[in-house]
Amino acid sequence: MKTQSFRQRPGSRGYATITMVTSISLLIVSLMAYTLIGSIRSFDNQARAQVKQDYSQKEDAILGALIHIVPNKAMGAMRQGSASNPSAYTWDTIFSEALAMANAEQAVNPQLLNSLNLGTAISANTGDTEFTSVSQFVNAPAGTYSGGSNRVNGGNWWEYIMLGDARVGPKIPAALQLPHSTYLLDKQYPIISFDKTYVSWYTKGLGLSADTYPLYNLIQYPDVKFGYKRPGEYFVAKRNWWVFSLTFGSHNQERTGIPSVTKDYVLSIYEVPSQIPLSAAALMKVGKFADGTNWENVSLDGSIFADKLTTEGTVALSAGAISAKKNVTVSGQTSVSGRTVSEGFDNIGAREERAASANSGANNSLSDFYDASVGGNVGRVAFIQINPGTDTFINTSDGAASERISPTGWNAYSRAAPKAQMTLEVRSVTSSSDQMPTSIRFSYRNSSNALVTTTYTRGSNWPTDLQTGGSTFPFQTAALENAKRVLIVHMDRLPAFIAGLSSTGGMSRNNSLYIYPRTDSSSVKIPSIPSLTSDMAVSLRGGNSLTAYTSGFSLVSRYRVYIADSLNNVQVPAPANSGISSGTTYYPPLSIFAPEKRFGESLSIQSPIELTGQLSSLKTGSSDTFNPLELLSGSDARVPAGSLNADLTTLRSPAELPPIHMMNWLVTIEEIH
Amino acid sequence: MKKHATSGKAKGFTLIEMTIALGMTLGIASTIVGILQQQVAFIGLVSRFQFLRDEAPMIDSLLTTIINKADSYRIYGNIGNAKAGSGAVQEDGRALRLRFRNPDGTVSNAIISFENQAGKNRLNFYLQPQGQTSWPTTPSWTISSRPTLVDFSNTSGILLIAMTGPNGEQITYAGNPD
């Protein structure tokens, strides 16, 4: 039997197989490598994109924190004692705290990261930063006049290097002037001070002459979604600003491979005197009286603002906007310039959708502003009411200038009483049960702006109306129908009286009066709020014409104030260069700071009331309700709706600003593009 | 009878051995072909998602950066309307007009527009610098030429940008200016 066997041919050693297997293996390995490289590249791209977004979020968190920290530091630097701990108010501290505040929200504990072997990872959490120094991410965009490293360039004339800088110079607002000593402070701290004023060298955006109106001028309301005023509308304010550069990513650029980007920002604190028809730092109800009666004969020609705002019945603003710090509750008949504002206007998504559907996109007019807004829901904006409540009636010292950082003290800035140029102290009264004044101490400013004080005493140098000289003396006393003792201020006698005083500073300087009780007497009582029957009060008489009050007049008193008869009822020509058209209605500016006002003295007669101007409240807190037209007569009864005619308007010019006024701060951060 | 001499070592393979060897070869070959097919299919899959994987994150990063800097935006059906600033829409938008406001109140504008230029789809960026009223006729730069469709919309209060890639893949970005 023949068998066949397969033999290996000589020289055939399987090279073809090896080649084939190797080729196929290489092909597969190549394909896998291609896929792997692609995946790595993809991860790298996504990581880069994520890190960039991470930087952006971290920047947002810090900017959001700055909005709240800077005004508080500025206030702190004005307070007595701040000079003893100056490091707490520096820009370095401010940025450090902003970083810490951002960290506090979302940061991951480094120990936790280490436990997960992620200690070297670049965290995408908003607050997680690796900065060891503020200088790693924030710096002044330009050098400074006095050299040295700085976090910010202040918006003042000493920063001429920054003002002329090609990158930021053309896009910044008007610079302010200030003394060199204040400039040196402003480099280190956010300084708010009366020392900062507009100057004719820098007038960009100013509506009026900086020489005529250096402290507050007309400037355009910024295009922010919070509507104390409407964007672009001129309003009375002073803008303090500082510019700084934020740079993220430079400190770990070697690790990320992502080039760092520097962005320039302007942080502004607008000092905004109260100037809209109605404003309050409390819950304000407009449209109806407290008993549910509708308002009548009331026109609102401008904005209304409150901590919380409720509109009831029909509320129609012919101009301006509706805004509140916390929330707005609107009735179905609320409108602004004829446009209905409905409940739910500020719901999440509603405002963005409304903005996107606003079909008015002419060049440069793509504003997302709406007729109503709530402060807490709009981006990088904060609105702060400077309202000390009833403390505004107390003249508290800020101590020596050396005890604080800012040249301007907080009490002098925020309270009404310290601002008054004339003071009248009730030194003695008939008895503790009869608060009829028998002695007063009056102070006025002389031509050197120094206070000159004289004490007037009944029976000595303070004549009654019936005594010689008494009929021209501006301060008298009386008992009202309700037996209340009042100190009468004869507004018609005061200008001549001031003019006749030794070395007088005149009415332009002596434009405000603070009436207060002495505090170290057992018989002179500090009036309660609300006023007791036994408490003394103040009565304004003879104020029909205030034409002699060339720079307006302000009265500040903790006492109840009776407006006995017509007050400021005679028009005068508007000041030249005030921005107010000649021939339009203009009255000397007047403000009254008192816890209670009564319109009329009589218990039986209620004269009609014509009210023109602005109404603000010293009430604070959301539980404190302010019904602005709940006006009371001399009999403590509410002025009937039919007897009240209110024409509530907005300030048109700083010329309409009374000597003493309430203040607000608007804080914004804007990027320089 | 003649005997075939036999050696101590086998000089060849039996049929059974050959059958087994061929079988194994076929199995290995099939496996290799399968792996190859799998690799080719996987690479194809990866390539189809290249837009989402490589391009989209970069577009996202650019758009996020640009839109975050803006103060406000409007959506338009085409770049003509966007330049004119008229006819804003809330959906089916092909152009997004952005406004950048400076601290002194001056404004510059920009448009991100999806458009067909010379037969090629592009996502372009147009910048109208501060103080100018006319728009450039050619894009300032092209963000990407990979998407086949970019749709801007805002029907829920949030800006949505839906992009379709070359292979029909889609990705949607959501966000609003700060």
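**Reading strands, sheets and an interface**

Guide: In this predicted model, strand E17 (residues 422-431) and strand E18 (residues 434-445) of chain A are paired in the antiparallel sense, with seven bridges between them. Within this pairing, A:Thr423 stands opposite A:Ser443 of E18(A).

Visitor: What holds strands of a sheet together in general, and in which order do the six strands of the sheet with E17 and E18 of chain A lie?

Guide: Strands of a sheet pair through backbone hydrogen bonds, and the pairing is either parallel or antiparallel. Here the six strands make an open sheet of chain A in the order E19-E18-E17-E22-E24-E26, and the pairing is mixed. At the edges stand E19 and strand E26 (590-593) of chain A, each with a single partner strand, so that one side of each has no neighbour in the sheet. On average, and with direction ignored, neighbouring strands of this sheet are turned by 20° against each other.

Visitor: What does the order look like in the open sheet that holds E14 and E28 of chain A?

Guide: That open sheet also is listed with six strands, in the order E14-E13-E11-E9-E31-E28 (chain A), and its pairing is mixed. Strand E14 (339-340) and strand E28 (609-613) of chain A are at the edges with a single partner strand each, so one side of each is left without a neighbour in the sheet. Strand E11 (residues 314-319) is in turn paired with strand E9 (residues 298-301) of chain A, in the parallel sense and over two bridges, with A:Asp301 opposite A:Ala319 of E11(A). E9(A) is also joined by four bridges to strand E31 (residues 644-649) of chain A, the two running parallel, and A:Leu300 stands opposite A:Leu648 in E31(A).

Visitor: Which residues of strand E25 of chain A lie on each side, and are they buried or exposed?

Guide: For strand E25 (residues 560-563) of chain A, A:Arg560 and A:Tyr562 lie on one side and A:Val561 and A:Ile563 on the other, and all are buried, so both faces are covered by the cut-off of 20 or more other C-beta atoms within 10 Å. E25(A) runs parallel to strand E23 (residues 537-541) of chain A, to which four bridges join it, and it also pairs in the parallel sense with strand E27 (residues 597-599) of chain A, over three bridges. A:Ile563 takes part in both pairings, as the bridge partner of A:Leu540 and as that of A:Phe599 in E27(A).

Visitor: How does one judge a loop residue, and why does A:Pro474 count as buried?

Guide: One begins with its place: A:Pro474 is in the loop between strand E19 (451-457) and strand E20 (475-479) of chain A. Because A:Pro474 has 20 C-beta neighbours inside 10 Å, it counts as buried. Leaving aside neighbours within four places in sequence, A:Pro474 is in contact with A:Val489, A:His490, A:Arg493, A:Leu494 and A:Phe497. A:Met491 is 17 residues from A:Pro474 in sequence, with 7.0 Å between their C-alpha atoms.

Visitor: How are the chains divided into domains, and how far apart do the centres lie?

Guide: The domain assignment of chain A gives domain 1 (40-273 + 667-672) and domain 2 (420-607), whose C-alpha centres lie 45 Å apart. Chain B is divided into domain 1 (15-48) and domain 2 (51-175), with 49 Å between the centres taken over C-alpha atoms.

Visitor: How is an interface described, and how many residues of chain A are in contact with chain B?

Guide: The size of an interface is often given as the accessible area lost when the parts come together. Counted by contacts, 49 residues of chain A meet 47 residues of chain B. Helix H1 (15-78), helix H7 (350-357) and strand E32 (663-672) of chain A each supply at least two residues of the side that touches chain B, and the largest share of that side, 17 residues, comes from H1(A). By class, this side of chain A has 18 nonpolar, 19 polar and 12 charged residues.

Visitor: At what angle do the axes of H1(A) and H2 of chain B cross?

Guide: The axes of H1(A) and helix H2 (residues 50-69) of chain B come within 8 Å and cross at roughly 10°, and the two helices are therefore roughly parallel to each other. Among the residues that make the contact are A:Arg41, A:Asn45 and A:Lys52 of H1(A) and B:Arg53, B:Asp54 and B:Asp60 of H2(B). By class, the contact of H1(A) with H2(B) has three nonpolar, nine polar and five charged residues.

Terms used: Residues numbered from 1 in each chain as written. Chains lettered and ligands numbered in written order. Predicted model: local features only at pLDDT ≥ 70, side-chain atom pairs only at ≥ 80, totals over all residues. Domains from an automatic or database assignment. Contact = placed C-beta atoms within 7 Å. Nonpolar A, V, L, I, M, F, W, Y, C, P; charged D, E, K, R; others polar. Axes fitted to C-alpha atoms, helices over the stretch in contact; angles between N-to-C directions. Parallel < 35°, antiparallel > 145°, perpendicular 65-115°, else oblique. Buried ≥ 20, exposed ≤ 12 C-beta atoms within 10 Å, placed from the backbone. Pairing = 2+ DSSP bridges.
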